[in-house]
Amino acid sequence: MNFPYSKKKWMSISLAAVLTTALGAGSLTASANTGSDQTKAPATVQASNDKTITQTGTGSQSTPEATTGEELTLEKAVEQALKTNAALNEIRLDAKNADLNQSLTYVSNSDLPSDAIASLEAAQQKYYNNAKGAQAKKLNALYVKSAESKTKLGAQDVYYKLIFAQDDLNLKKQSLARSEAQLKVAKAAFDVGTNAKTDVLEAEMGVAAAKAELKTAENNLEIARMNLNDFLGVDLTKEWKHISSNKQTAPIKMTLKEAEEKALSNRNEITQAQEELKLAELNVKLISDFTAASTLQGQMARNGVEKANLEIEKQKRAVTKDVTEAYLNLNAAREAIDFSKSAKDSAAESYRLKNLRFENGLATTLDVIQSEEALSKSENQYQKAVLTYNLAVVAFETALGN
């Protein structure tokens, strides 16, 4: 039906009056602005120790965090894991026992005087076995060091997942608040006859969906906290006041070639293969000194050297492939942050404009609800993109052998 201009204007003024009466002047616009401002939430982090800042309204404040329990930072999580992680402590004990066993073997082999060694078997018992024992001790130390590094990275992983679970819960609370505000507006408009009952029902559906997602987020936060406590080796029910810091969004400065070189010098797989080569070469030398390299035993020993060299090259290829894949995933995750932030900003602006159109009678409740859903989705996608990047940083550090 076509209304005269005066009647259209009256309907617009009437709806605006309803909104002002129901919520107070400017509150619906404030709700839209909250969504828009939230797009600014995670500020660009230049270093792993920077804070993430959330901007809302006219002021700025830290991202809402857990307020109960002992304070937990990323550094403290790593420190705690190095002390009480069960798997790491088992590895340390295994290494100590292996070293003790080797010490006993070394004493036994060292009893043989050099001038009494007249056979290959005796030479292998004194020199080869002792060299193998020394190698085992060196590799045990490297293994423990590697386990400690992986524990540090593992602590970062579970810590990031906890703070992002908290951030996701905060987003779900904001989404529910927007949905409840929209329901309040829809009911007020229905009461004065400017909105249909379907608008109220649609708004109620939006609130119900937001509550369901909030409950899921609360559950995910509890699981993330339990996983963190389990990894740290503390009481599974321990409460933490976790600080939403250390989120990384800055691009890496290392080139792929530099990453490959660092990984090749750091990774224990290559060190172990190189140690095996030394043992194989020692075996060839002992055979040559006490029998002859041309014997079948000598030929097998030379084959052992060749096999050890092949193993080194195999491990180098595997490490190069591993670090290249981690590097590419890291860069892709970093670019996804920019794309998802752009989408989030656009969704927030769309939500703000839809609210303004609704205030002036140019949009329906369903339009606003759909716009809010799109905003919530884009906020979650941005949050997941930042989480994915942070976890990709952990994977990259692991690939480097740090």
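**Salt bridges, helices and buried contacts in a predicted model**

The side chains of glutamate 261 and lysine 257 form a salt bridge, with an N to O distance of 3.7 Å. A salt bridge here is a side-chain nitrogen of Lys or Arg within 4 Å of a carboxyl oxygen of Asp or Glu. The two residues sit in helix α7 (residues 256-266), four residues apart, so about one helical turn separates them. Glutamate 261 is partly exposed, at 46% relative accessible area. Lysine 257 is exposed, at 57% relative accessibility. Buried means under 20% relative accessible area, exposed means over 50%, and partly exposed lies in between (1.4 Å probe, protein chains only).

The model is predicted: local features need pLDDT of at least 70, side-chain atom pairs count only at pLDDT 80 or more, and totals for chains, interfaces and linings use all residues. Residues are numbered from 1 along each chain as its sequence is written, and side-chain values use heavy atoms, with hydrogens and water left out.

The protein chain has 10 helices and four strands. Helices (H or I, at least four residues) and strands (E, at least two) are DSSP runs, numbered from the N terminus. From the N terminus on, the order of elements is α-α-β-β-β-α-α-α-α-β-α-α-α-α. Of the 402 residues in the protein chain, 39% are buried. Contact means heavy atoms within 4.5 Å. Among contacts between residues at least 6 apart in sequence, 79% join residues at least 24 apart. The accessible surface of the protein chain is about 21400 Å². Carbon and sulfur atoms account for 55% of that surface. Accessible areas come from the Shrake-Rupley method with a 1.4 Å probe; for residues, only the protein chains shown count as cover.

The structure holds 19 salt bridges. One of them joins the side chains of glutamate 79 and lysine 83, at 3.4 Å, N to O. Both residues lie in helix α3 (residues 74-84). They are four residues apart, about one turn of the helix. Glutamate 79 is partly exposed, with a relative accessible area of 43%. Lysine 83 is exposed, at 54% relative accessibility.

Another salt bridge joins the side chains of glutamate 148 and arginine 92, at 3.1 Å, N to O. This pair links distant parts of the chain, 56 residues apart. Glutamate 148 is in helix α5 (residues 120-191), and arginine 92 is in helix α4 (residues 86-110). Glutamate 148 is partly exposed, at 25% relative accessibility. Arginine 92 is also partly exposed, at 22% relative accessibility. Elsewhere, Glu70, Lys76 and Lys238 are linked in a network of salt bridges.

Asparagine 140 also lies in helix α5. Leaving out residues up to four places away in sequence, asparagine 140 touches Ala95, Ala98 and Asp99. The side chains of asparagine 140 and aspartate 99 are joined by a polar contact of 3.3 Å. A polar contact is a pair of N or O atoms within 3.5 Å; within protein, one must be able to donate a hydrogen and the other to accept it, and residues adjacent in sequence count only if both atoms are side-chain atoms. The C-alpha atoms of asparagine 140 and aspartate 94 are 8.9 Å apart, although 46 residues separate the two along the chain.

Serine 179 is a further residue of helix α5. Serine 179 is buried, at 9% relative accessibility.

An unreviewed UniProt entry annotates residues 200-227 and 256-283 as "coiled-coil region". UniProt positions follow the numbering used here, feature names are shortened, and annotations may be inferred rather than shown by experiment. In the model, residues 200-227 are 100% helix and 0% strand, with end C-alpha atoms 41 Å apart. Residues 256-283 are 96% helix and 0% strand, with end C-alpha atoms 38 Å apart.

Isoleucine 223 lies in helix α6 (residues 197-232). Isoleucine 223 is partly exposed, with a relative accessible area of 37%. Ile223, Met226 and Leu236 make a nonpolar surface patch of about 240 Å². Patches are made of residues with over 30% relative accessible area and no salt bridge: like charges are joined within 9 Å, and nonpolar side chains (Val, Leu, Ile, Met, Phe, Trp, Tyr) within 5 Å.
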